[in-house]
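Okay, thanks for coming, everyone. I've got one structure to walk you through today, so let me put it up and then we'll talk.

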Amino acid sequence: MIGLNKAFSFLLCANLALEAAAFAPSTTKQSHVLRAAADDQVVDEATRNARIMAPISSIMAAVSPSLALVSPANAAPSASAFEANLRKNFPGALTNSAISLRVAAALRDRGYTPGNTLFGSSLCSDEINDTAESLVGDFQNKLGTDGVFNLGGLGGLPFVGISGMGAFIHHVPASGKIFIVFGPHVGISDKGVVGQIERVGQTSISTSCGAGIGAYKAIMGKKGESEAEAYLGTKDFQEEYIIAKLGDRLDALKGQEQSNESITFLTNKMYDLVWEMMRSEINAYTTKDDFWKECTEVTLLGGIVVNRGHGAGVPGGEDYYQPLMLKSLTKDGESDMYGEVFGDFPALAAPHRAAKYV
């Protein structure tokens, strides 16, 4: 029995080490071509865990049939409706904690510290993006930053504008670094409906992102003229801007019923809007020579936040983030960090990463 205990302890330690290695960010410099899995499908967390645990389960079963029962990989978990539609519509998405773990490690390797880092976020102002387990909260914990400058308004667009971006940038520590995470968000309900989510304290289903889906419905002609006119002017200028900018970008959806695919398409167009506005505001400062006298580096992480329900009777859990871009800017130019940090996922972000910063 002593021999079995030793064998179990050894295999358990080996398993923990393998699991840690599986989620550790790559520290080897790679080309900017992302490595796709053999079947060109995303290797999700459950699959990765099963691949790690299966060989160990076989060994443990050979040593003692009773020990094999310890491994959770013996039971092949079936993907929930949420997980199935997450993988289908937002492949490559990882939990908030996995994203922040990978990116924070890469930033530390580049010299980002709690004392020299200014952290900003441009995510939708919806409260579901500002919880204890939110992406921003995870980054604050792992980077050790005291606060975050909120750049985002409806849909995650940085509606603070040039003035707000300037105020943010001028808060950078002397010879410090800036890190910004940005992007739109979308919910997936427990039943797997993209664009819907269960909220705490509510009995009916809710939309997410409300601003994006509201704009989609307006553009599809589902809003009456009198209701549309009520949004004009300063009463709802952020939503009005989103409707105007999405406009012909949604032509491909006209005449179609709302579906998981149409809301996924909409969300990706919302990402384009966020990135275009972010790039314009950042450019207003980084293209000036004196900017780099105060700041040594700017890192931009762009992607899509995928919210999951937390209402009554819903399992809940961490939200996800589909990383689409990770760039570093210095006085010498732009470098792509995506392959280094997310190189074990398909090249889903190639169109966005191919677009030059300036």
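Predicted model: local features only at pLDDT ≥ 70, side-chain atom pairs only at ≥ 80, totals over all residues.

If we go element by element, strand β4, residues 176–182, comes out highest with a mean of 97. At the other end sits helix α2, residues 45–63, which has the lowest mean, 39. Residues 4–78 stay under 50 in pLDDT, and for that stretch the model has 84 contacts beyond four places in sequence. There's another stretch below 50 at residues 224–228, and this one has one contact in the model beyond near neighbours in sequence.

Now the overall picture. We're looking at 14 helices and ten strands. Of the 358 residues, 49% are buried. Take the contacts between residues at least 6 apart in sequence: 75% of them join residues at least 24 apart. As for the surface, the protein exposes about 16800 Å², and 55% of that comes from carbon and sulfur atoms.

Let me zoom in on one residue, G303. You'll find G303 in strand β8, which covers residues 295–308. Is G303 buried or exposed? The relative accessible area of G303 is 0%, and the cut-off I gave you is under 20%, so G303 counts as buried. And what does G303 touch, leaving out residues up to four places away in sequence? There's F182, G183 and P184, then Y271, and finally Y321, Q322, P323 and L324. For a distance along the way, V274 is 29 residues from G303 in the chain, and their C-alpha atoms are 9.7 Å apart.

Searching the whole structure turns up three cavities of 30 Å³ or more. The largest cavity has a volume of about 50 Å³. Its lining is made up of P184, H185, V186, G195, S208, C209, G212, I213, I263, L266, T267 and M270. Elements that give two or more residues to this lining are β5 (185–188), α8 (210–219) and α11 (260–286). Which of them gives the most? That's α11, with four residues. By class, the lining of the largest cavity has seven nonpolar and five polar residues, and no charged ones. Notice that P184 is back: P184 touches G303 and also lines the largest cavity.

The second largest cavity has a volume of about 50 Å³ too. Among the residues lining it are N96, L123, I128, V305 and D319. Here the classes are five nonpolar, three polar and one charged.

Last stop, the second largest pocket, with about 240 Å³ of space. Fifteen residues line it, and I128, T131, V200, R308 and H310 are the closest to its centre. I128 is one to look at, as I128 also lines the second largest cavity.

Methods. Residues numbered from 1 in each chain as written. Heavy atoms only, no water. pLDDT = per-residue confidence, 0-100. Contact = heavy atoms within 4.5 Å. Buried < 20%, exposed > 50% of the residue type's maximum accessible area, 1.4 Å probe, protein only. 1 Å grid on protein atoms, 1.4 Å probe; cavity = no way out; pocket = protein on both sides within 12 Å on 5 of 7 lines; lining within 4 Å. Points joined across faces, edges and corners; volume = space filled by probe spheres on them. Nonpolar A, V, L, I, M, F, W, Y, C, P; charged D, E, K, R; others polar. Areas by Shrake-Rupley, 256 points an atom, 1.4 Å probe, with all protein chains shown as cover.
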